Amino acid sequence: MNTVAAGMPLGGVIFMTIFIAIFGYILIILARLIGGRRTNNSQVKRDIYECGIPVQEKRETKVSVKFYLTAILFILFDIEIIFMYPWAITFKDFIGSGQGAFVFVSMLVFIAVFIYGLFWEIKSKALEWD
Amino acid sequence: MGNDAFEITINLIKLVAVFLLIVQAVPILVWVERRGSAFIQNRFGPNRVGPLGLLQLLADAVKFLTKEDFAPDKAIKPLFYAAPVFALIPAALAFAAIPLSVPLEIGGYVFRIQGYEMNVGIVFILGVSGLAAYTILMAGWGSGSKFSLLGALRASAQVISYELALGLSIVGVIMMYGTFNLTEMITAQQGAMKFHAFGYEITSRFLPNWGIFYQPLAAILFFAASFAESNRLPFDLAEGEAEIVAGFHTEYGGFKMLMFFIGEYGHMILGSSLMIVFFFGGYGLPGITVDEVRSWAAGVTDGAAGASVLTTLIHFLSFTVKLVLFLWIFIWVRWTLPRFRYDQLMDLGWRTMLPWALGNTILTALVIYFTSVLI
């Protein structure tokens with residue numbers, strides 16, 4: 001019995017990405033063809049949005065460092081969470097084969113490090129937004 | 001992709017169909033959202049164009065198409081135009097990995113009612129839907145406007161913060177079912193409630209065997225986090241009108257704006273589908289197994305193909321009904337709750353939901369270890 005789309009999902013993913021990209025660009029081009037495009041716009045129209053005054057700021061807007069800090073912390077914690085996935089999926093098998101206690105305790109140690117990291121992060125005010 | 005030309009063609013058509021399923025759902029959802037908000041706020045909503053305002057969608061589409069295509073001088077054009085296109089991709093790619101019904105068996109072929117079958121379904125879906133942060137940043141940086149940039153930074157920081165709670169809340173679910181495969185998960189949730197604990201078999205005839213009864217805390221955390229992932233109220237800080245105009249799509253209009261909308265609604269559909277698959281039995285009917293439906297269908301229709309089609313249709317309908325209910329909850333919450341402040345949002349994600357999800361993981365491990373629960 002043939003199972004359609006059982007194997008090689010990668011081909012499907014690549015096809016779908018390319019298809020949606022082409023679909024989207026066709027829509028944009030269609031909208032440009034139908035909607036038209038004026039070339040002699042005034043400077044005010046070509047400016048970026050501003051609340052009723054001349055445009056004030058350059059692109060080099062200063063950005064709060066908190067965003068970068070959040071992103072770095074995210075990477076650390078996300079990797080720790082991803083490490084839990086293989087453990088979670090094999091946990092029942094390990095219990096079945098009698099090694100449950102070892103796997104459980106070693107994960108508790110890992111989670112203790114995780115909790116310590118989270119606690120330290122909160123204590124060092126890395127998550128304070130003011 | 002398949003063995004012969006017929007299979008490959010069917011697969012490609014299926015992928016296109018999954019994408020169009022999301023795209024065609026958006027105008028209907030917009031209509032439901034506007035009518036629903038009007039209903040909640042004691043207004044009329046769109047009711048002039050066609051019966052019940054249903055043709056409003058068509059009028060909107062025409063309006064979007066005839067808008068002038070415009071990019072401000074300061075915008076980085078390649079990024080500015082690429083962002084809305086790439087906003088369509090993550091949700092559609094992830095949604096294609098979700099099984100929508102039981103496989104269709106006709107003439108020696110088995111057609112899966114899903115874009116592609118994945119053994120690592122959950123990891124794939126989490127990974128791909130996380131790419132949405134990039135499209136937001138592309139839009140924000142490419143617009144060259146400070147409001148867009150601030151909105152994009154807020155939105156991406158929010159999305160990645162809640163991804164932690166989202167990812168961690170599923171660990172308990174994975175532990176319960178012992179698989180990444182979504183189809184196997186749904187199969188484990190079939191029929192009436194039945195599980196083993198302390199070596200005894202415990203059954204209940206009145207409750208379905210759904211994940212929500214085993215992982216209630218994970219369900220709440222996951223649902224809340226999926227609101228934040230799709231940038232919906234009460235977590236739509238990216239579009240706080242009073243502070244940063246319209247967030248990362250301040251400079252967008254017309255069809256490009258609509259494409260961001262499709263992306264957002266796609267994430268809503270994805271979040272609802274995942275809720276259904278993890279906690280509400282997927283395409284299964286409550287308390288009834290697929291085999292029972294199949295034998296009933298074999299009695300009603302003649303021929304194996306007819307029975308298979310009927311079974312698939314029934315389960316697809318079941319999935320659709322659940323999906324509609326969850327999408328309505330998304331809309332309902334949006335028009336009921338006010339918006340958070342940004343520091344409250346971050347506090348909720350990092351200090352409340354993350355520890356609770358961690359607690360849920362430890363609790364699930366303890367329960368599984370000491371009672372040896374088997375579903």
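Trainee: Is the crossing of α3(A) and α7(B) left-handed or right-handed?
Mentor: Left-handed, as the near helix is turned anticlockwise from the far one by less than a right angle (clockwise would be right-handed). Helices here are DSSP runs (H or I, at least four residues; strands are E, at least two), numbered from the N terminus. One caveat: this is a predicted model, where local features need pLDDT of at least 70, side-chain atom pairs count only at pLDDT 80 or more, and totals for chains, interfaces and linings use all residues. Residues are numbered from 1 along each chain as its sequence is written, with chains lettered from A and ligands numbered from 1 in the order in which they are written.

Trainee: What angle do α3(A) and α7(B) pack at?
Mentor: About 15°, with the axes 9 Å apart; axes are lines fitted to C-alpha atoms over the stretch in contact, and angles run from 0 to 180 degrees between N-to-C directions. So α3(A) is roughly parallel to α7(B), the word for angles under 35 degrees.

Trainee: How many residues of chain B are in contact with chain A?
Mentor: 77, against 60 residues of chain A, with contact meaning C-beta atoms, placed from the backbone, within 7 Å. α7(B) gives the most to chain B's side, with 14 residues.

Trainee: Switching topic, where is confidence lowest in chain A?
Mentor: In strand β1 (residues 2-3), at a mean pLDDT of 44; pLDDT is the predictor's confidence in each residue, from 0 to 100. Helix α4 (residues 100-123) of chain A is highest, at 88. The mean for chain A is 80.

Key. Two residues are in contact if their C-beta atoms, placed from the backbone, lie within 7 Å. Angles under 35 degrees count as roughly parallel, over 145 as roughly antiparallel, 65 to 115 as roughly perpendicular and the rest as oblique.
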